[in-house]
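Visitor: Here is the model I wanted to go through. Can we start with the sheet?

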Amino acid sequence: MKHAADAIVRPEQAAYLEVLNRSSIRALAAIAGAGAIDGRDPLLAKMEARAAASGYPISDPEVACLLSIVARIARPRLVVELGTNIGYGAIVMARAAGTGARVVTIESSADLVGEARGYIAEAGLSERIDVVHGQAIPELQKIDGPIDMVYIDCVKEEYERYLQLALPKLSGRGVVVADNVLWRGTVALASPPAEDRTRAAALGAFNRVLVSRPDLCAVVLPLGDGVGLAVRI
């Protein structure tokens, strides 16, 4: 989740994109096939309000739109999400990927696992989304694959390790999406604030690896708090 609308780009451009993206965000309601409230999917709107009230770092709505687009194009059979939180991203991807898709999402917090399962049940997706309670690295190691889409939104210092573990399991048409890769824009600073230094360094290293691997075609986008997107070559 981004920390401010203009954390990555300049205020004027950020305000423009914020307004423009409201139209694309409304498309998530159409994908859900649910009655819209003010052009929004009511369940996702409720989850966004819950996250805002509790300070939960769920995906930004515009990042959710990107996840939906990628899932609709890729039509993955197996999606793996690292970092469930309350299930927002998992619901978006499961809906967009279609009835033939299975989503495995991993979360270390027992409280968040319970809350996510509640929202997933409300979405009618309990049969298609498996919420795993555990640490991302050991749980990812247990998954055989092939994985068609992996969404990384967990411990920022571990992103590079997640990528190393996921790539051998990635199918030939596999897609990698990673959130928060610009981390308030601090990855671009020569001297990030002390509280952001470790994460900024880790994410900067991850970004360099992502865009330089010869087996991936990758790009880093200034969307939300920064999104890395890569496909197999």
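This is a predicted model: local features need pLDDT of at least 70, side-chain atom pairs count only at pLDDT 80 or more; totals for chains, interfaces and linings use all residues.

Visitor: What is the strand order in the open sheet?
Guide: The 7 strands run β3-β2-β1-β4-β5-β7-β6, and the pairing is mixed. Strands are DSSP runs of E of at least two residues, helices are runs of H or I of at least four, and both are numbered from the N terminus. Two strands pair if DSSP finds at least two bridges between them.

Visitor: Which strands stand at the edges?
Guide: β3 (129-133) and β6 (216-221); each has a single partner strand, so one side of each lacks a neighbour in the sheet.

Visitor: How do β1 and β2 pair?
Guide: Residues 78-82 (β1) and 102-107 (β2) pair in the parallel sense over 5 bridges. Leu-78 is opposite Arg-102 of β2.

Visitor: Now Ala-94. Buried or exposed?
Guide: Ala-94, in helix α4, is buried, with a relative accessible area of 1% (buried is under 20%, exposed over 50%, partly exposed in between, with a 1.4 Å probe and protein chains only).

Visitor: What is Ala-94 in contact with, leaving aside neighbours within four places in sequence?
Guide: Val-103, Leu-125, Arg-128 and Ile-129. Contact means heavy atoms within 4.5 Å.

Terms used
Residues are numbered from 1 along each chain as its sequence is written. Side-chain values use heavy atoms; hydrogens and water are left out.
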